[in-house]
Amino acid sequence: MLRVRPPTLVTILLLAGLSACARSRQAFPGSSIFVISVDTLRSDHLPAYGYRSVETPNIDALAGDGILFEHAYAHVPLTLPSHATLFTGLLPADNGVRDNVAFTLPAARETMAAFFGARGYATGGAVSAVVLTRGSGIARGFDFYDDAVEPTRVRESLGRVQRSGPETAGKLVDWISSRAGETKGPNAARRPLFAFLHIYEPHSPYEPPEPFKSRYRDRPYDGEIASADAVVGAFLAELKSRGLYDGAIVVLLSDHGEGLGDHGEAEHGVFLYREALQVPVILKLPGARRKGERVSAPIGLVDLFPTLAAAAGLAPPAGLAGTPLEPEIFGARAAERAVYSETLYPRFHLGWSDLASLTTGTHQYIEAPRPELYDLRTDTAEKNDLAASRPPEFRRLRLEVARIRKPAPAPGAGDPEQARKLASLGYLTQTAPQPVGPLPDPKDGIGEVEELKTAFGLFSAGEFERAAAHLASLVAKRPSMVDAWQIYAQTLRQLGRDDEALDAFRAADRLAPGNAPLLLEMSQFFLETGKLDDARKYARLAEAAGSPQVHETMARIALASRDLPGAESEARLALGDRPGRRVPLLILAQIARERGDLPGALAHLDELARLTREKNLLSISAASGLRGDILARLGRDAEAEAAFQEEMRVFPENAQAWCNFALFYASQGRPELARRTLLAGVHAAPGAGAYHAAIETARLVGDRETAAFLEREAQRMGQSRRPVRQPAR
């Protein structure tokens, strides 16, 4: 943990003596450890921290059994880098993860799970957000890690891809139950547990379930907190029922807070004010030792790795940024602390200046184009900026931030190994264009974040023309706004304006080179537009940049190239050790269909449908359409028609499915329905690819009149023709 002034040798020896003494008296070797992370939870919205507008009886009870840290701070107001800091005990610039996208935890960084696993612990985790799936590197060291999180809505943003807390907790409880024989019983071989539960309920969108939705109708964020409390309570009750709670070390925390408009930011990521950084930390020791105590000294999440190691009687790894919180826990006087925080989100996503801060027990300093200083003793809401008067705290903390702060790398260059791989593919040989002059202060542009959210809301709702108009205006005003370019490209694709979409993708790529999700999206764009060589190139770039989803895209590219063995190999790699993933099952069904194995294709689709039902997930695009095609080939026409209609209802933009549906009607001798289907398809999925596929399908069934009409319409609407895969026959 960072200190404001370097300690003297005497201080170091004194603290070492205090820590060693505390360990000898208070360490709990062999105790199981349970880490509960409640995403996006502001500490000042909990009754345990003085808030009175929500009820959280389970968190309150845990606080009653444990030690509550009144001033705990996150180091990044974003989920992945904050958890990377928690799990490595290193600050973001040292652990290598500085944003939610385009960064993965380098293999050289030891995690808490790996540390405890190497010392005899069984390690298990379950997470509720897609940004914490195993491709992020957070799963390293876990024996069991359930991350089966998939989109539940069409065109859902990355931050909103989540699953419910009860489902996630249930997965972890199942794992704990499977280890029960090792953890209790007179003849059990005692193997302690290190378990990690991550729940996402307070994260936006705020949609609490009943009864919390009705109870907190006017305060949905608080309703989400109450819902999260219920999940925490149920999980702790499971531990108690198994006899695991009393003897365990339990820590409850959050990765960051939420803006809620306090400084103009509705959510989090842009600013570093207290509402985004101050988080709850509650630590319960075995036997509820020191229960009900409160610690006022500031701490950081980076302190928890060495603290849990020390509490378990283990020497923390050398070189950690954090410090064991033994003086705070055991009543000794701790050295003064200053918690460093940063956000590169404004730079990477919006083209604005990144920010850094130091928070002490009395002040917060924020390094920005216009620096800020707040006295936390008299101004907890941080409304009275003292920077203009340049008090001593301003100068001291500013110098300390300058000492700690490290430059922002290009996203793809965060991991040297990834940068090497990208360079070997002829990419990232130059850095992103550097702006002339200082970057804008996020304080001056925060309103544009709301404009971007409005545009994305229109995109998600399928109002593409309106979304495109909003985004065109935004990128004209802020051409460095990467996220606006990326969503603009997606919107233009939906409108069939492929050339403009490619220009927008390339603009985003120039601004944020090495962004794995963007590179993968560009690969998918080229696949959909029939440019398979470019699709392969960008898929390889995405793989080099660390994308965990690349095998699915490579399987699709191989399938489009009629390379069935290659497609199956990539689909099997995509499944890996996660047989519950649905997209690889869809690809395997497509491969089986191409091989003529119709029963095998249906078996894959049946498994996909079972997973969809059991997990209450959104249907996958093309699954029902593929089922319809296979059932039609098997002569099960009524079932086939129903499946096609379901695909059209849920995914009207699937041009290929419309063509297959038209072929189905034509094969039944129903040419008028085939014609209507083709016309409806180009209306629902406008674009050069849809028109070309519909024209080829009309010709295939001998409907020259419809083919000629569609050609005239495509020319009238400016839809250039391009090769695409022929419709399945």
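Predicted model: local features only at pLDDT ≥ 70, side-chain atom pairs only at ≥ 80, totals over all residues.
At what angle do the axes of helix α2 and helix α9 cross?

1. The protein chain has 729 residues, and 57% of them count as buried. Its secondary structure comprises 31 helices and 13 strands. Among contacts with a separation of 6 or more, 67% are between residues 24 or more positions apart.

2. Now to the opening question. Helix α2 (residues 57-65) and helix α9 (residues 220-241) have axes that cross at roughly 55° and come within 7 Å. That makes α2 oblique to α9, because the angle falls between the roughly parallel range, under 35 degrees, and the roughly perpendicular one, 65 to 115. On the α2 side the contact is made by P57, N58, I59 and L62, and on the α9 side by D229, A230, V232, G233 and L236. Sorted by class, this contact has six nonpolar, two polar and one charged residues.

3. Helix α24 (residues 583-594) is worth a look for its geometry. With 12 residues at 1.5 Å a residue, α24 should span 16 Å, and its end C-alpha atoms are 17 Å apart, which agrees. After α24 comes G596, and the phi of G596 is positive, near 85°.

4. How many of the 12 residues of α24 are buried? The count is 11, so α24 is largely enclosed by the rest of the structure. The buried residues are V583, P584, L585, L586, I587, L588, A589, Q590, I591, A592 and R593. They pack against four helices: α22 (550-560), α23 (564-575), α25 (598-615) and α26 (623-633).

5. A574 lies in helix α23 and counts as buried, at 6% relative accessibility. Leaving aside residues up to four places away in sequence, A574 touches H551, E552, R581 and P584; P584 is one of the buried residues of α24. A574 and Q549 are 25 residues apart in sequence, with their C-alpha atoms 7.2 Å apart in space. P599, in contrast, is exposed at 58% relative accessibility, and its place is in helix α25. From P599 to A589 the C-alpha distance is 9.5 Å, for 10 residues of sequence, and A589 is another of the buried residues of α24.

6. On to the charged pairs: how many salt bridges does the structure hold? There are 48. One of them joins E594 and R593, with the closest N and O atoms 2.9 Å apart. R593 is buried, with a relative accessible area of 12%, while E594 is partly exposed at 34%. Both residues fall within α24 (residues 583-594), and R593 belongs to its buried set.

7. Another salt bridge pairs the side chains of R377 and D375, at 3.0 Å from N to O.

8. Elsewhere, salt bridges that share partners join R370, E372, D441, K443 and D444 into one network.

9. D483 lies in helix α18 (residues 482-494). Its relative accessible area is 16%, so D483 counts as buried, the cut-off being under 20%. Not counting residues up to four places away in sequence, D483 touches Y345, H349 and L452.

Notes
Residues numbered from 1 in each chain as written. Heavy atoms only, no water. Axes fitted to C-alpha atoms, helices over the stretch in contact; angles between N-to-C directions. Helix = DSSP H or I, 4+ residues; strand = E, 2+ residues; numbered from the N terminus. Parallel < 35°, antiparallel > 145°, perpendicular 65-115°, else oblique. Contact = heavy atoms within 4.5 Å. Nonpolar A, V, L, I, M, F, W, Y, C, P; charged D, E, K, R; others polar. Expected span 1.5 Å × (residues − 1). Buried < 20%, exposed > 50% of the residue type's maximum accessible area, 1.4 Å probe, protein only. Salt bridge = Lys/Arg side-chain N within 4 Å of Asp/Glu carboxyl O.
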